[in-house]
Amino acid sequence: MSTPVHRLTPAFGVAPQLDEDDIALLAAQGWRSLICNRPDGEAADQPAGAGLAQVAAAHGLAWRHLPIVSGQWREADVAAFADALDALPAPVLAFCRSGTRSIHLWALAMADTLDAESIRRIAADAGYTLDPAVLHRAPGASR
């Protein structure tokens, strides 16, 4: 699998854009659910979400499509992401073009659970730098 997967916690990870072959490998690795945060048609070379959903179902993976335009998440999007994390079987892998919007959604969803430094460290360990506004929502953040 050429797509890098970053496991942030035992129950959650992020990745850049997946293709059909990636999904089969992820199922074999024990992932149980996928969240696609990329709107269909964002790029010409992007696989359609419906096709990926069919492949996921064929491999026994739960699927949720929560399309978010990069950098334009709303409270309703964060709530839907948090609901998906609660409802889907773990471990859950969220993906988008680069993994950045998925990790930001995760950080926002975790802001009531984890302190700001833990969220920042987990993201940094996976190679992501979070928007400071995201960290300000978490307990212990300097405001």
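Author: Happy to! Ring pairs link Phe12, Phe81 and Trp106 into a cluster. Rings of Phe, Tyr and Trp (for Trp, the six-membered ring) pair if their centres lie within 6.5 Å; planes under 30 degrees apart are stacked, those over 60 are edge-to-face and the rest are tilted. Please keep in mind that this is a predicted model, where local features need pLDDT of at least 70 and side-chain atom pairs count only at pLDDT 80 or more, while totals for chains, interfaces and linings use all residues. Residues are numbered from 1 along each chain as its sequence is written, and side-chain values use heavy atoms, leaving out hydrogens and water.

The structure holds three aromatic pairs.

Tryptophan 63 and phenylalanine 95 make a tilted pair, 6.0 Å centre to centre with 55° between the planes. Again distant parts of the chain are linked, as tryptophan 63 sits in strand β4 (residues 62–65) and phenylalanine 95 in strand β5, 32 residues apart. Phenylalanine 95 is buried, with a relative accessible area of 0%.

Now let's look at the packing around the rings. The largest nonpolar core has 28 residues, and those touching the most other members are Leu8, Phe12, Ile35, Phe81, Leu85, Ile103 and Trp106. (Such a core is a set of buried Ala, Val, Leu, Ile, Met, Phe, Trp, Tyr and Cys residues joined through side-chain atoms within 4.5 Å.) At least two residues of this core come from each of β2, α3, β5, α4 (100–110), α5 (116–125) and α6 (132–135). The largest share, seven residues, is supplied by α4. A second, separate core has 13 residues, among them Ala15, Ile23, Leu26 and Val55.

Back at phenylalanine 12, its contacts (heavy atoms within 4.5 Å), leaving aside neighbours within four places in sequence, are Arg7, Trp31, Phe81, Leu85, Val92, Ala94 and Trp106.

In helix α1 (residues 20–28), the buried residues are Asp22, Ile23 and Leu26. These cover an arc of only 100° around the axis, which puts them on the same side of α1; the arc is that of the directions from the helix axis to the C-beta atoms. Among the parts covering these buried residues are β3, α2 and β5. The face of α1 turned away from its buried side carries Asp21 and Ala28, which are exposed. After α1 comes glycine 30, with a positive phi near 105°.

In α2 (49–58), the buried residues are Gly49, Leu52, Ala53, Val55 and Ala56. They fall within an arc of 165° when seen down the axis of α2, so they line one face of the helix. Their packing partners are α1, β3, β4 and β5. On the other side of α2, the exposed residues are Ala50, Gln54, Ala57 and Ala58. Glycine 60 follows α2 and has a positive phi, near 80°.

Aspartate 19 shows how two of these regions meet. Aspartate 19 lies in the loop between β2 and α1 and is partly exposed, with a relative accessible area of 33%. Not counting residues up to four places away in sequence, aspartate 19 touches Pro47 and Leu52. From aspartate 19 to valine 55 there are 36 residues in sequence and 9.5 Å in space, C-alpha to C-alpha.

One last stop is arginine 38, in the loop between β3 (33–36) and α2. Arginine 38 is buried, at a relative accessible area of 5%. Beyond its neighbours within four places in sequence, arginine 38 is in contact with Gln17, Ala43, Gln46, His65, Pro67, Phe95, Cys96, Arg97 and Arg101. That list includes Phe95, the partner of tryptophan 63 in the tilted pair. A cis peptide bond joins proline 91 to alanine 90, with omega about 0°.

Notes:
Helices (H or I, at least four residues) and strands (E, at least two) are DSSP runs, numbered from the N terminus. Buried means under 20% relative accessible area, exposed over 50%, partly exposed in between (1.4 Å probe, protein chains only).
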